[in-house]
Amino acid sequence: ESAQAIEEITKLLKSDQTLKIVVVGHTDNVGAAEHNLKLSQERGQAVMQALIQKGIAADRLKSYGCGQYAPVASNDSDEGRAKNRRVELVKQ
């Protein structure tokens, strides 16, 4: 599902060899906070590993998990929860 986004990020990172990013994973608020934090960390790590497999140097990437603590939408609906399950890229 995220293959196209991974390709675009790879192109960006290959075009600017000085760019470093933090891959930040997020979740909705369903389930225990501890579980969501772990899930968000795994989500960020998975994207980071996909970029490394595409040839991006590991020292240009960091991953981080925010769990359910930075929602972009309400967790009161399926649509909102889906928006909160995401990965964001932050320039280092």
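## The two sides of helix H2

On one face of helix H2 (33-53), Glu 34 and Gln 53 are exposed. This is a predicted model, so let's take a walk around that helix and see what lies on its other side.

The buried residues of H2 are Asn 36, Ser 40, Gly 44, Val 47, Met 48 and Leu 51. They sit on the same side of the helix because they cover an arc of only 110° around its axis. An α-helix has 3.6 residues a turn, so residues three or four places apart point the same way.

## Length and neighbours of H2

H2 is 21 residues in length and spans 30 Å from first C-alpha to last, close to the 30 Å expected at 1.5 Å a residue. Just beyond its end, Gly 55 has a positive phi of about 105°.

What do the buried residues of H2 pack against? Their partners are H1, S1, strand S2 (61-65) and strand S3 (87-91).

## The nonpolar core

Eleven residues form the largest nonpolar core, among them Ile 6, Val 23, Val 47, Met 48 and Leu 51. Helix H1 (3-15), strand S1 (21-25) and helix H2 each give two or more residues to this core.

Val 47 is a handy one to click on: beyond its neighbours within four places in sequence, Val 47 contacts Ile 6, Val 23 and Val 87.

## A look at Lys 83

Lys 83 belongs to helix H3 (residues 78-84). Its relative accessibility is 45%, so Lys 83 counts as partly exposed. Leaving out residues up to four places away in sequence, Lys 83 touches Val 72 and Ala 73. The C-alpha atoms of Lys 83 and Ala 50 are 21 Å apart, with the two residues 33 apart along the chain.

Definitions and conventions:
Residues are numbered from 1 along each chain as its sequence is written. This is a predicted model: local features need pLDDT of at least 70, side-chain atom pairs count only at pLDDT 80 or more; totals for chains, interfaces and linings use all residues. Side-chain values use heavy atoms; hydrogens and water are left out. A nonpolar core is a set of buried Ala, Val, Leu, Ile, Met, Phe, Trp, Tyr and Cys residues joined through side-chain atoms within 4.5 Å. Buried means under 20% relative accessible area, exposed over 50%, partly exposed in between (1.4 Å probe, protein chains only). Helices (H or I, at least four residues) and strands (E, at least two) are DSSP runs, numbered from the N terminus. Contact means heavy atoms within 4.5 Å. The expected span of a helix is 1.5 Å times one less than its number of residues. The arc is that of the directions from the helix axis to the C-beta atoms.
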